[in-house]
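Please look over the chain and its fold before reading on. The report below goes through selected helices, strands and side-chain arrangements.

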Amino acid sequence: MGKRKEESFSKPGFHKRPRQEYTDESNDELDEEERSQFQSDSNSSSQLTSGEVGIIESIQLKNFMCHSMLGPFQFGSNVNFVVGNNGSGKSAVLTALIVGLGGKATTTNRGSSLKVFVKDGETSADVSITLRNRGKDAFKPEVYGSSIIVTQHISMDGSRSYKLKSKTGTLISSKKEELTAILDHFNIQVDNPVSVLTQEMSKHFLQSKNEGDKYKFFMKATQLEQMKADYSYIMETKSRTHDQIEQGVGLLQDLRQHYFEKEEQYKSIAFVSEMQTNLEALKHKMAWAVVNETEKEIKPIKDSIDIEEGRTEKYDQKLNEWQVKVNEAEEKYKAIQDKLEKISEEAQALQPQCVCLRADVQAKRKAYNEAEAHYNRSRTELKRLEKDDEQLRKRIEELKNSADQVSESEKLETQKKIVQLKEQLKIVHDQEVMMVQDMDQFQQAVYKFKEEHARLKQEELDVKQALDSKQRQLKELTDSKTNRLKRFGQHVPVLLEAIEDACRKGHFKYKPIGPLGAFISLKDAELTLAVETCLKSLLQAFCCDNHHDERTLQTLMSKFYPSGYRPQIIVSRFRNEVYDVRPRAVQHPEFPSVLTALEIDNAVVANCLIDMRGIEAILLIKSNPKAREVMQRKRPPKNCREAFTAEGDQVFERRYYSSDNTRPKFLSKDVEAEISHLQKEVENKMSQLSTSQHRLRSIENETRKNEDYLNHSRRQQKELQMKIRRINIEIADLENVEEHQSVDISTLEDEAQENKHKMESVKRDMEQQRGKMEELKNILRVAEHKLEEIKEKLHQVEEIASPVKDELNQADLEMEKSKHHWQHYEEKQKEHLASIKKLKGELAAKEKELKEKIAQATQICPQQIEVNRTVKSLDTEMNRLRDKINSERDHHGNREEIIKQLLEAKDKYQDAEGKVKNLKKFIKLLDQIMTQRYKMYQQFRRCLTLRCKLYFDFLLCQRSYSGKMSFDHKNETLSITMHQVPLLGPSLLV
């Protein structure tokens, strides 16, 4: 089983010899040449080799037999001995190796089912075995790596499952076939006693004195038993095939006889002509009898048209009366509306003034704030100058009181140098100020570009998401051209097929209905978007009668939809009739409700939408202003909760929500128009995306440039700051060395004088700013006063408009009432005219039908025939005649049917004849192949027998024994005899 260090006797030094023919297959004695050849092979191959693949590296047991948790422990690289007391679980390790590598429970001789290996009190057991997988003979090394981990889980019911993992623990396969391939590749045979010898098998082998048992052990160990079983199975199959051929030959004779009978029947066919002629004559009479009956049906229709046309004048009179009342109500409504419009125009005229004054106030307030800020800055500057003046005066006093004065020439030189350094400092400082301004500009530009970049990036992301959504929607629409259900989702057709299959198998009590949108259509296509916005996800929902069906449908949906994205499932008891919602439904003379605007093919779907959305209480109003007028300017209609416009906007009594959608997705009838529209939107989005990406690249380039300029300016600023520090240090050194220098008092006095001038200038500026502030403050007060006056006028206009609006609403109600009556009579008139039109249509259809019947009759019989019999009597006689003709044909046989049967019999005969010939060829070829295979089997068995004898003699010789191993393949026995050879000297003779 394991491929550890072992002796190899077969590979090196073996040379092929010519095959010898033999007649007695039990004669397996070795001649001297063969014995010497095998001994030389064995001696030359006694070197140890180390296997690189198939070696068991470790094992781990959990709840297996007596082991709660064993391992994982590593096996050594050579022979391993497992020791312990009786009952400690030594044999359990070997049993785990057999079972863990796919062996049957019976192979272990420990039980007939795997459940006996689960430890008492536990529900399952686990076995994990690690196999080495290195070297050139490794099994899929790129997948498994240097080790293969075989894990087996055994349940309490005796079932087991496999997991094949790589060295890193990654799951590669869970199939038994993959484990079988690995064992075949590594030549691991868990059911071969040579590879795995259990205690019971070893006891049976050692204790048994039966030569037949030894022979069976030899056959099983060398796998000759499996080869023999395969050969026997093939021969049995061949015998069954031969029996089928014999049956086929008998069936072939029957088919041949049947073919000849059909051929004779075909030759004896005769035709019935007289009854055919009579039938044709009756057909001619039938044609003109149909014409006569059609002419009789036209007369009552003409009478009904005359009666209905006489009632038209009454409907015209009523309609004219209410038309006059409608005109009067409309004039009254228009007069009030004109009055309200004048008031509105007055308010609208004041509105721009209010806006301008508000903007003017804001501008003046901004100017005042700026003046105030300038004044505050001047005051701060004045305080700083006063502080500097005080410091200069103190400094001058200190210098005047100083007793230690330097020479005049040195003082002038030092003063001159200080002045030069200060001028240089001023220049450098100005440069720094300019540099800081440039840096601020670059920094602002960078911030601006980054903000723009972030905005464009978000815009690009939004465009990409919109583009992906449009492309998915375009694909769904394109697919829906061949299958409308795909408009409700790509998986819907497959899901419906799965539901049908589950219904046939009886998994559902009642077949689920869905998607709901597939069962509805609109009477007015302009309201498609409004209905979709109203129903939303209900269009994709499914309806179940009970919770059991809901759970079954959820299981089906999980195969096609990811978690969280499956359609909604509604559980509601199925009813065959639609709810009676008339007491709570909205009734409007002009606008339909969602329920009345839909054509719903299924009562369950209608009831579901009523329960979930209340579609009987939702109005559909095409115009947005009209919807506001109906729902908000006056009290909404009775039972009306909300309304939807043709653009998808949702209107409540005091709220209005605009729709995010612009086009319908599920219920549109013109798919080509929707596809064309979506294609244009996709092209626009792609163009928008390209423009956005181009702008992004441009902004990124500009940002990099400004950042480079900013970094360069920062480096220059640091250099200027270092230069300023150096100059300040030099100035401080010159001013602080009192032994050699002194400050020129006159210079300080000049600075003090200059500082006073600055203070005076700042004070004058402050006075000017104070005056300006007062002036701006007065102007601001005037502007605010004007704004308040305009606001007061607007408020007065609104108060005047309120009662006018109430009067307008009352006039609107009267106008709507008159229109309702006028529309009632108009509908009655339309119905009346429609009934006349319908009767005229029926008359035209009957006249057209009459012409067609005359044309058909003329085609059947060109000469018109006077017929006194009815269509029914003629039809009865024709049926009787047809039955008689058919009866005669049944007796003699129908010609077409007989020809068909003849062709079928011929095809069956030829097909059976071809199959019998092919099977005979196959049996003949199989006989040749199996004869050759059996010879090869006998030769292979003889080779294994000779090799076994050689190894037996060689091992006995090494241990100072002699013996004999005899095989009788005919009687299937194996006898072994041996005895000890006395030693002849100190060395062992081999």
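What follows describes helices, sheets and hairpins, aromatic rings, and a few single residues.

The model is predicted, so local features are reported only at pLDDT of at least 70 and side-chain atom pairs only at pLDDT 80 or more, whereas totals for chains, interfaces and linings use all residues. Residues are numbered from 1 along each chain as its sequence is written, and side-chain values rest on heavy atoms, with hydrogens and water left out.

**Helices**

Helices and strands are taken as DSSP runs numbered from the N terminus, a helix being H or I over at least four residues and a strand being E over at least two. Buried denotes under 20% relative accessible area, exposed over 50%, and partly exposed the range in between, with a 1.4 Å probe and protein chains only. Helix α2 (residues 90–100) is mostly covered, since nine of its eleven residues are buried; these are Ser91, Ala92, Val93, Thr95, Ala96, Leu97, Ile98, Val99 and Gly100. After α2 comes Gly102, with a positive phi near 95°.

Helix α11 (residues 492–504) contains 13 residues and spans 18 Å between its first and last C-alpha, close to the 18 Å expected at 1.5 Å a residue, where the expected span is 1.5 Å times one less than the number of residues. Its buried residues are Val492, Pro493, Leu495, Ala498, Ile499 and Ala502, and the buried residues of α11 pack against β10 (542–544) and α13 (547–558). Just after α11, Gly506 adopts a positive phi of about 80°.

In helix α17 (residues 671–736) lies Asn706, which counts as buried at 10% relative accessibility. Leaving aside residues up to four places away in sequence, Asn706 touches Phe442, Ala445, Val446 and Phe449, a contact being heavy atoms within 4.5 Å.

**Strands, sheet and hairpins**

Two strands are said to pair if DSSP finds at least two bridges between them. Strand β6 (residues 147–155) and strand β7 (residues 160–165) run antiparallel and are joined by six bridges; in one of the pairings, His153 has Ser161 of β7 as its bridge partner. β6 and β7 form a hairpin with four residues between them, and Gly158 in the turn has a positive phi of about 95°. β7 is also joined to strand β8 (residues 171–173), antiparallel and by two bridges, with Ser173 of β8 as the bridge partner of Leu164. The hairpin of β7 and β8 has five residues between the strands, and Gly169 in its turn has a positive phi of about 95°.

Strand β14 (residues 642–645) and strand β15 (residues 650–651) pair in the antiparallel sense over two bridges, and Ala643 has Val651 in β15 as its bridge partner.

**Aromatic rings**

How many aromatic pairs does the structure hold? There are seven aromatic pairs, where rings of Phe, Tyr and Trp (its six-membered ring) pair if their centres lie within 6.5 Å, planes under 30 degrees apart counting as stacked, over 60 as edge-to-face and the rest as tilted. Two of these pairs are set out here.

| Pair | Centre distance | Plane angle | Class |
|---|---|---|---|
| Phe652 and Tyr657 | 6.0 Å | 80° | edge-to-face |
| Tyr934 and Tyr937 | 5.9 Å | 35° | tilted |

Phe652 counts as buried at 15% relative accessibility, while Tyr657 is partly exposed, with a relative accessible area of 39%. Tyr934 and Tyr937 are separated by about one helical turn, because they are three residues apart in helix α20 (residues 895–958). Tyr934 is partly exposed at 30% relative accessible area, and Tyr937 is buried at 9%. Ring pairs link Tyr231, Tyr934 and Tyr937 into a cluster.

Charges also sit over rings, a term used if NZ of Lys or CZ of Arg is within 6 Å of the ring centre and within 35 degrees of the ring normal. The charged end of Arg628 lies over the ring of Tyr656, 3.8 Å from its centre, and Arg655 sits over the face of Phe652, at 4.3 Å from the ring centre.

**Cysteines**

The structure holds zero disulfides, a disulfide being a pair of cysteine sulfur atoms within 2.5 Å. Cys66 counts as partly exposed at 41% relative accessibility, and Cys943 is partly exposed as well, with a relative accessible area of 42%.
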